[in-house]
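Reader: I'd like to go through this model piece by piece, with the cut-offs spelled out along the way. Let's start with the packing of its helices.

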Amino acid sequence: MSEPARREIPQSDVRSRIAEARSIVVKIGSSALTDMHDGLDRSRLDALADALEARMRAGTNVTVVSSGAVGAGIAPLGLKKRPTDLATKQAAASVGQLALAHAWGTSFHRYQRTVGQVLLTADDFANRRHHANAQRTLERLVSLGVVPVINENDTVATNEIRFGDNDRLAALVAHSIRADALLLLSDVDGLYDGDPRKVGPNGERAQFIPEVHGPEDLDGVIAGSGGALGTGGMASKLTAARLSADAGVPVLLAAASDAALALQDASVGTVFAARAERLSARRFWVRHAADSSGSLVLDDGAVAAVVNRRRSLLAAGIVDVKGAFYAGDVVELVDLAGAVRGRGVVSYDADEITLMEGRSTADLPPDLRRPVVHADDLVAR
Ligand SMILES: Nc1ncnc2c1ncn2[C@@H]1O[C@H](COP(=O)(O)OP(=O)(O)O)[C@@H](O)[C@H]1O
Ligand SMILES: N[C@@H](CCC(=O)OP(=O)(O)O)C(=O)O
């Protein structure tokens with residue numbers, strides 16, 4: 001059978017920016033590294049290490065986020081398919097992570113390159129001290145010429161091992177280490193307007209989207225689920241790409257089998273342009289990294305003021321307070337219909353806001369006249 005024709009992809013500013021990035025985060029999905037029956041695919045890891053090493057030799061700092069621990073634990077545990085219950089998933093991740101880290105070490109050892117394992121949870125980005133420590137470790141590893149290989153710390157993940165978390169984790173890492181580009185390598189060669197595995201009744205196939213510059217380019221796009229090895233599918237990649245674009249980091253989504261070209265000149269896959277105006281580190285943290293500890297329900301006037309006019313939130317527009325939180329915590333700002341319209345850092349404890357809600361500033365005692373959420377600490381959805 002002849003090779004399918006390579007797609008013609010025009011060069012663009014976003015692609016040049018990714019091709020010339022001095023520091024990149026490369027996230028590799030489970031589906032690109034593991035096979036249900038044979039576990040880790042060593043030849044695919046070797047090919048990825050070849051492409052990553054070539055980019056490092058060209059002068060780029062590379063940080064890897066590697067999924068695949070659960071997938072790599074399936075065969076050694078004698079399981080027939082990806083486990084669905086949390087305890088077995090965590091057991092598989094525990095067994096598989098050791099194999100995964102070892103496999104990366106072996107692949108890079110062919111170049112005398114050392115790898116360092118870093119296990120993180122998204123929660124670590126919500127905790128400023130953990131975040132600062134992780135950031136320092138990652139920067140030090142890179143300055144020592146070591147490839148950090150990051151994965152979610154699955155065995156301590158408190159909720160569950162959510163599919164696709166590593167896409168988000170990779171975007172948080174890219175922001176944290178101030179990377180110039182994020183590459184998401186998967187088993188699909190880019191973004192399509194629908195699931196590329198599906199064929200319509202008249203043989204219609206999903207259309208490839210080479211560049212995304214803003215939400216308008218995603219109109220009508222159906223982001224479907226992932227493969228059998230269990231992942232977040234396209235939806236989690238789009239969320240991660242948006243998060244990264246907010247942070248000012250452009251994204252390339254490509255097939256891991258195209259890693260050599262993706263890393264060499266970004267001439268494959270879909271690119272997501274970064275927003276020209278970056279969110280400040282503080283607002284980025286409020287929107288993406290911090291856990292929310294509760295919520296404030298706002299009346300329509302308050303929603304219009306904070307969402308449309310970017311004003312501070314005053315007590316007068318609050319109709320309800322939910323959850324136990326303290327001054328300095330991040331809360332969700334919810335409208336009367338229950339939709340989340342923003343997030344912000346509160347200046348008061350939940351108990352105090354309960355006493356203040358609905359009251360105009362002039363009616364409040366002098367020590368409670370500051371806005372409940374200052375405009376600088378508030379991000380609209
Ligand atoms: N709109 C879409 N565009 C591209 N791929 C899609 C889309 N919707 C669903 N997919 C599927 O998402 C899968 C990639 O996601 P996933 O399996 O989570 O990868 P990974 O393991 O790399 O995180 C692809 O196999 C693809 O079939
Ligand atoms: N931490 C998990 C992977 C979670 C995840 O996000 O997977 P994927 O969507 O394949 O990147 C593992 O190593 O199996």
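Reader: At what angle do helix α3 and helix α5 pack, and how does that orientation count?

Author: Happy to start there: this is a predicted model, in which local features need pLDDT of at least 70 and side-chain atom pairs count only at pLDDT 80 or more, while totals for chains, interfaces and linings use all residues. Residues are numbered from 1 along each chain as its sequence is written, and chains are lettered from A and ligands numbered from 1 in the order in which they are written. Helix α3 (residues 42-57) and helix α5 (residues 86-109) have axes 9 Å apart (lines fitted to C-alpha atoms, for helices over the stretch in contact, with angles from 0 to 180 degrees between N-to-C directions). They pack at an angle of about 50°, and since angles under 35 degrees count as roughly parallel, over 145 as roughly antiparallel, 65 to 115 as roughly perpendicular and the rest as oblique, α3 and α5 are therefore oblique.

Reader: Which hand does the crossing of α3 and α5 have?

Author: A crossing is left-handed if the near helix is turned anticlockwise from the far one by less than a right angle, and right-handed if clockwise. For α3 and α5, the crossing is right-handed.

Reader: Which residues make that contact, and into which classes do they divide?

Author: Two residues are in contact if their C-beta atoms, placed from the backbone, lie within 7 Å. Here α3 contributes Arg42, Leu45, Asp46 and Ala49, and α5 contributes Ala103, Trp104, Ser107 and Phe108. Ala, Val, Leu, Ile, Met, Phe, Trp, Tyr, Cys and Pro count as nonpolar, Asp, Glu, Lys and Arg as charged, and the others, Gly among them, as polar. The residues of the α3 and α5 contact divide into five nonpolar, one polar and two charged.

Reader: Where is arginine 110, and how does it count?

Author: Arginine 110 is in the loop between α5 and β5 (115-120). With 11 C-beta neighbours inside 10 Å, it counts as exposed.

Reader: Turning to the whole chain, how many helices and strands does it have?

Author: Helices (H or I, at least four residues) and strands (E, at least two) are DSSP runs, numbered from the N terminus. The chain has 13 helices and 17 strands.

Reader: What is the radius of gyration of the chain?

Author: The radius is taken over C-alpha atoms, and the globule rule is 2.2 Å times the number of residues to the power 0.38. With 381 residues, a compact globule would come out near 21 Å, which agrees with the chain's 23 Å.

Reader: What share of the residues is buried?

Author: The C-alpha atoms fill a box of roughly 75 × 45 × 40 Å along the principal axes. Of the 381 residues in the chain, the buried ones make up 43%.

Reader: Which elements do the buried residues of helix α11 pack against?

Author: In α11 (residues 281-289), the buried residues are Phe284, Trp285, Val286, Arg287, His288 and Ala289. They pack against α6 (123-126), α8 (165-176), α9 (233-246), β15 (330-334), β16 (340-346) and β17 (373-380).

Reader: How are α8 and α9 oriented to each other, and what is the make-up of their contact?

Author: α8 and α9 have axes 8 Å apart and an angle of about 10°, which makes α8 roughly parallel to α9. Asp167, Arg168, Ala170, Ala171 and Ala174 in α8 meet Ser236, Lys237, Thr239, Ala240, Leu243 and Ser244 in α9. By class, the α8 and α9 contact has five nonpolar, three polar and three charged residues.

Reader: What is the phi of alanine 266?

Author: Most residues other than glycine have a negative phi. Alanine 266 is in the loop between α10 (259-265) and β12 (270-272), and counts as buried with 25 C-beta neighbours inside 10 Å. Its phi is positive, near 55°.

Note on methods. Buried ≥ 20, exposed ≤ 12 C-beta atoms within 10 Å, placed from the backbone.
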